[in-house]
Amino acid sequence: MSESKGRFGIHGGQYIPETLMNAVIELEAAYNKYKDDPEFNRELNALLNDYAGRPSRLYYAEKMTRDLGGAKIYLKREDLNHTGAHKINNVLGQALLAKKMGKTRLIAETGAGQHGVATATAAALMGMECVVFMGEEDTKRQALNVYRMKLLGSEVIPVKTGTATLKDAVSEAMREWTRRISDTHYCLGSVMGPHPFPTIVRDFQAVISKEIKEQLLEKEGKLPDAVIACVGGGSNAIGSFYNFINDKGVALIGCEAAGRGIDTFETAATVNTGRLGIFHGMKSYFCQDEFGQIAPVYSISAGLDYPGVGPEHAYLHDIGRAEYVPVTDDEAVEAFEYLAKTEGIIPAIESAHAVAYAKKIAPKMGKDKIIVVTLSGRGDKDCAAIARYRGEDIYE
Amino acid sequence: MNRIKSAFENKKAFIPFITCGDPDLETTAKVVRAAVRNGASLIELGIPFSDPTAEGPVIQGANLRALSGGVTTDKIFDLVRDLRTDVEIPLVFMTYANVVFSYGAERFMSACREIGIDGLILPDLPYEERGEFIEECHKYGVALIPLIAPTSENRIAMIAKAAEGFIYLVSSLGVTGERSEITTDIASIVRVIRENTDLPCAVGFGISTPERAKQMADLSDGAIVGSAIIKIIEKYGRDSAEPVGEFVKKMTEGLK
């Protein structure tokens with residue numbers, strides 16, 4: 001019997017319909033062929049630098065540091081990338097790979113809409129057809145991003161099944177891929193799903209930690225004491241962690257969306273409240289009931305509103321290399337407003353979960369310590385929802 | 001495992017799929033017995049899953065109705081225990097890997113043997129991941145029935161060689177549900193299957209009429225029908241036993 005592939009400890013694997021097996025095998029072969037190909041990498045780097053605006057800045061948040069009175073805080077500004085989030089790093093890589101494979105059509109799932117916008121952008125740039133699946137609930141929460149995707153020439157399909165959020169969008173994108181494989185690449189947006197997606201997406205996002213390392217060594221001459229990022233599926237977090245995994249002195253902290261709290265049912269904190277399971281192509285931790293039915297999860301953040309977590313995060317948790325902490329809606333909204341007022345930066349509500357945790361721990365750390373917080377995206381898309389959260393109705 | 005073989009002996013098998021607990025377990029029991037009375041050769045019993053990624057809208061709806069009605073894996077085991085007091089044809093479970101994994105493979109398979117389940121179909125457990133449950137399946141004599149798809153190509157031989165029970169041949173790309181046509185070259189896939197195993201193979205996905213069922217069964221050993229039956233249950237609710245029975249009768253007669 002052939003071995004199960006793509007394992008991170010006990011997690012990962014390829015739990016998908018037989019119809020898709022040759023598609024993921026073909027994808028793995030293409031990725032192995034191109035990942036170290038100089039021409040592919042030259043093309044990708046040109047896109048990342050000239051089109052997406054890399055490298056992204058590592059900004060010393062001096063006012064925030066002074067205000068909190070503890071560790072020095074740096075912000076990794078993925079929010080300044082073209083399309084406004086880290087998602088573009090992965091999408092440019094996958095779209096270029098799909099093009100090399102002769103695919104002419106991209107499909108994608110999206111939660112907050114950032115991955116959908118990034119995919120629609122890459123499709124426009126590379127002259128590919130694009131269809132984005134988005135939970136109907138999220139199309140309402142993130143109406144601006146729906147408009148952006150349409151403007152970029154993509155079709156947006158509202159998914160009405162289940163909880164009508166990110167997990168249902170993933171299910172529907174997987175169903176669509178089984179319908180149409182030969183010309184279509186499923187551009188998965190996070191470090192999840194069946195092998196080889198968790199590895200491919202991680203590799204394309206690892207540029208975040210590669211840059212943090214270089215930039216911080218240049219500015220401070222040393223590594224950070226902690227790297228903090230928000231975790232839904234976990235792509236910006238794994239990107240922020242990856243090149244520090246072997247640097248044991250660097251604490252890696254993932255911030256999960258606790259919603260209304262991990263002691264309530266309205267939470268999306270998978271590592272903190274879930275258990276081991278098999279879903280969406282992978283073995284990992286999932287929020288589920290005692291019979292393995294996937295639980296409806298909740299977070300104010302559409303991008304973190306997912307009942308699972310990428311298999312490599314599950315593994316980093318198992319071996320104690322990374323820590324996963326819950327951050328509530330209230331804490332995230334407070335951090336969203338705090339960063340706007342303190343540093344003049346409006347973070348995505350997803351990224352605000354990481355800012356909130358930095359606010360919590362920085363005062364307890366010495367002034368010689370350094371924290372890097374990844375701002376995975378910008379918060380323009382969230383302004384209307386946060387206003388509503390505060391009881392104010394504004395027109396977008 | 002011999003019981004599964006008997007479903008295909010000297011005839012083309014007609015295999016209905018029924019989601020347990022849609023709309024409730026009492027109805028499922030009546031529908032299964034009606035299908036048996038009207039000539040079903042083997043029945044696929046679906047244990048509902050919250051997020052059935054291989055299903056089209058019709059079976060997704062059945063899963064949702066069943067779960068909203070409060071059905072659980074344990075209650076379905078009780079249903080099968082009751083059915084086995086008079087139902088003698090082979091019964092197999094169709095569900096998703098997490099339902100089995102969450103229950104515990106050992107506990108799940110031992111329950112299957114105890115209540116008289118002959119096999120297990122898991123659409124999200126491809127050949128490479130069989131290791132997840134195969135030992136427990138062998139230990140308790142539950143056949144792990146594999147799926148072969150139109151895209152399987154070079155994988156057909158490998159899957160067929162390791163198959164147990166029967167082979168579920170997926171007729172077309174996409175998810176479950178009715179289709180206006182089936183364009184896959186079923187005959188040539190069946191040829192490769194036959195070269196690699198003596199097990200029977202039945203075709204499913206997109207079959208809703210006696211004509212299509214006959215056409216598919218002529219090319220293989222049987223036809224599997226899900227969505228067309230679920231649609232009847234969706235329409236008739238608790239009064240589904242009779243119309244499903246009539247449908248099964250029409251389909252089995254069509255195969256003769």
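**Basis.** I worked from a predicted model, in which local features need pLDDT of at least 70, side-chain atom pairs count only at pLDDT 80 or more, and totals for chains, interfaces and linings use all residues. Residues are numbered from 1 along each chain as its sequence is written, while chains are lettered from A and ligands numbered from 1 in the order in which they are written.

**Overall form.** I looked up the secondary structure of chain A and found 16 helices and 14 strands; these are DSSP runs numbered from the N terminus (helices H or I, at least four residues; strands E, at least two). The C-alpha trace of chain A spans about 55 × 45 × 45 Å along its principal axes. For 396 residues a compact globule would have a radius of gyration near 21 Å, and the 19 Å of chain A agrees with this. That radius is taken over C-alpha atoms, and the globule rule is 2.2 Å times the number of residues to the power 0.38.

**Burial and contacts.** I noted that buried residues account for 62% of the 396 in chain A (buried: 20 or more other C-beta atoms within 10 Å of the residue's own, with C-beta atoms placed from the backbone). Of the contacts in chain A between residues at least 6 apart in sequence, 74% join residues at least 24 apart. A contact requires C-beta atoms, placed from the backbone, to lie within 7 Å.

**Sheet.** I traced an open, mixed sheet of six strands in chain A, in the order β3-β4-β14-β9-β10-β13; strands pair if DSSP finds at least two bridges between them. β3 (58-60) and β13 (322-328) of chain A are the edges; each has a single partner strand, so one side of each lacks a neighbour in the sheet. From one strand to the next the twist averages 30 degrees. β3(A) runs antiparallel to β4 (72-77) of chain A, joined by three bridges, and I found Tyr59(A) bridged to Leu75(A) in β4(A).

**Helices across the sheet.** I found α13 (311-318) of chain A lying across β9, β10 and β13 of chain A, at about 110 degrees to β13(A). α14 (329-343) of chain A lies across β10 and β13 of chain A, at about 85 degrees to β13(A). Axes are lines fitted to C-alpha atoms, for helices over the stretch in contact, and angles run from 0 to 180 degrees between N-to-C directions.

**Contact with chain B.** I counted 30 residues from chain A and 34 residues from chain B. On the chain A side, β2, α1, α8 and β11 of chain A each give two or more residues, and α8(A) gives the most, with six.

Note on methods: Two residues are in contact if their C-beta atoms, placed from the backbone, lie within 7 Å. A residue is buried if 20 or more other C-beta atoms lie within 10 Å of its own, exposed if 12 or fewer, and partly exposed in between; C-beta atoms are placed from the backbone.
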